[in-house]
Amino acid sequence: MTPILLLGAGRMGGALIEGWRKTGAFALSDLIVRDPAATDEAFPGAVVNPPLEALSAAKVVLLAVKPQIWREAVADVVPHLASDVIVVSIAAGVRAADISQAFGGRRVARVMPTTAVAIGQGAASLYADTAEALEAAKALLAPVAATVELADEQLMHAATAVSGSAPAYLYAFIEALEAAGAGQGLSPEDSARLARATIAGASALLAAGGEEPSELRKQVTSPGGTTAAALSVLMGEGGFGDLLPRALAAAVKRSEELGADSLSPCGRGWPA
């Protein structure tokens with residue numbers, strides 16, 4: 001598996017590096033980092049931006065750049081890679097076939113992780129059409145995430161909407177909850193403390209108990225009580241049942257568009 005070549009060490013690439021370090025899955029000395037913004041100080045022990053000739057040592061390539069600029073990021077790398085290297089991509093929307101073609105027919109897996117991989121509590125959807133590529137993706141992600149293997153690559157769009165993008169949905173909900181609490185008279189500090197601790201505790205209870213969300217919801221919802229009054233708004237007309245399908249449809253559409261947009265290169269000096 002090692003060395004692992006990271007093309008891009010920005011938010012998601014950096015989150016994976018941090019998660020590997022914390023869980024002991026891979027050390028910085030196992031990594032080759034190629035990113036215009038990367039420095040030896042930021043990744044002590046890793047090989048940072050070496051000469052292109054050194055990239056032939058890589059056993060796995062993690063493609064961790066924005067989908068709009070992935071072709072530019074790999075153009076000068078591909079000729080220097082070993083013929084049997086496996087490519088694992090986290091570029092949203094970019095098809096495995098397009099990546100494989102750009103990498104000279106090499107085996108490809110696609111993954112869609114969440115940023116909680118940084119603390120070893122992420123989630124990741126995996127797709128590959130070869131067993132070897134799937135095993136490489138699992139080796140990279142399983143130590144830091146709960147993984148789901150998808151049988152159809154087209155499902156990566158839905159997985160992105162349900163999982164890859166979903167942490168932002170939760171953070172947006174917490175923002176709104178804090179603001180609403182302050183609007184009811186709580187201090188912003190108290191509202192934030194209560195909202196964050198409550199959401200964190202509810203998430204931990206869901207993870208630990210094995211009960212369905214619907215059952216946990218019923219346990220804290222007394223008929224005719226305050227929670228029921230709030231849920232009549234949140235789950236009523238125009239509430240979660242209407243909003244979330246629309247939100248996921250928008251995310252799926254954009255994931256498909258990103259795949260189409262990535263067919264042509266853009267920009268210079270690719271950012272991670």
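1. Helix H10 (240-261) gives the largest share of the lining of the second largest pocket, namely four residues, where a pocket is an open set of points on a 1 Å grid over the protein atoms alone, reached by a 1.4 Å probe and with protein on both sides within 12 Å along at least five of seven lines, and lining residues have an atom within 4 Å of a point. Helix H1 (11-23), strand E6 (108-113), helix H5 (155-164) and H6 also give two or more residues each, the helices (H or I, at least four residues) and strands (E, at least two) being DSSP runs numbered from the N terminus.

2. This is a predicted model, in which local features need pLDDT of at least 70 and side-chain atom pairs count only at pLDDT 80 or more, while totals for chains, interfaces and linings use all residues. Residues are numbered from 1 along each chain as its sequence is written, and side-chain values use heavy atoms, without hydrogens and water.

3. The second largest pocket has a volume of about 670 Å³, a volume being the space filled by probe spheres set on grid points that are joined across faces, edges and corners. Of its 26 lining residues, Met12, Ile90, Ala92, Met112 and Gly164 lie nearest the centre. Because domain 1 (4-151) and domain 2 (159-258) both give residues to the lining, this pocket lies between them; the domain bounds come from an automatic or database domain assignment.

4. The largest pocket holds about 2,300 Å³ of space and has 46 lining residues, with Leu170, Phe173, Ile199, Ala202 and Ser203 nearest its centre.

5. The C-alpha centres of domain 1 and domain 2 lie 32 Å apart, and their contact (heavy atoms within 4.5 Å) takes 10 residues from domain 1 and eight from domain 2. Between them the domains bury about 680 Å², 62% of it on carbon and sulfur atoms, buried area being the accessible area (1.4 Å probe) that two parts lose on being put together, summed over both. On the domain 1 side, Gly93, Met112 and Thr114 lose the most area to domain 2, together 47% of what that side buries.

6. The chain averages a pLDDT (the predictor's confidence in each residue, from 0 to 100) of 92, and 96% of the residues score at least 70. Over residues 264-272, however, the pLDDT is below 50.
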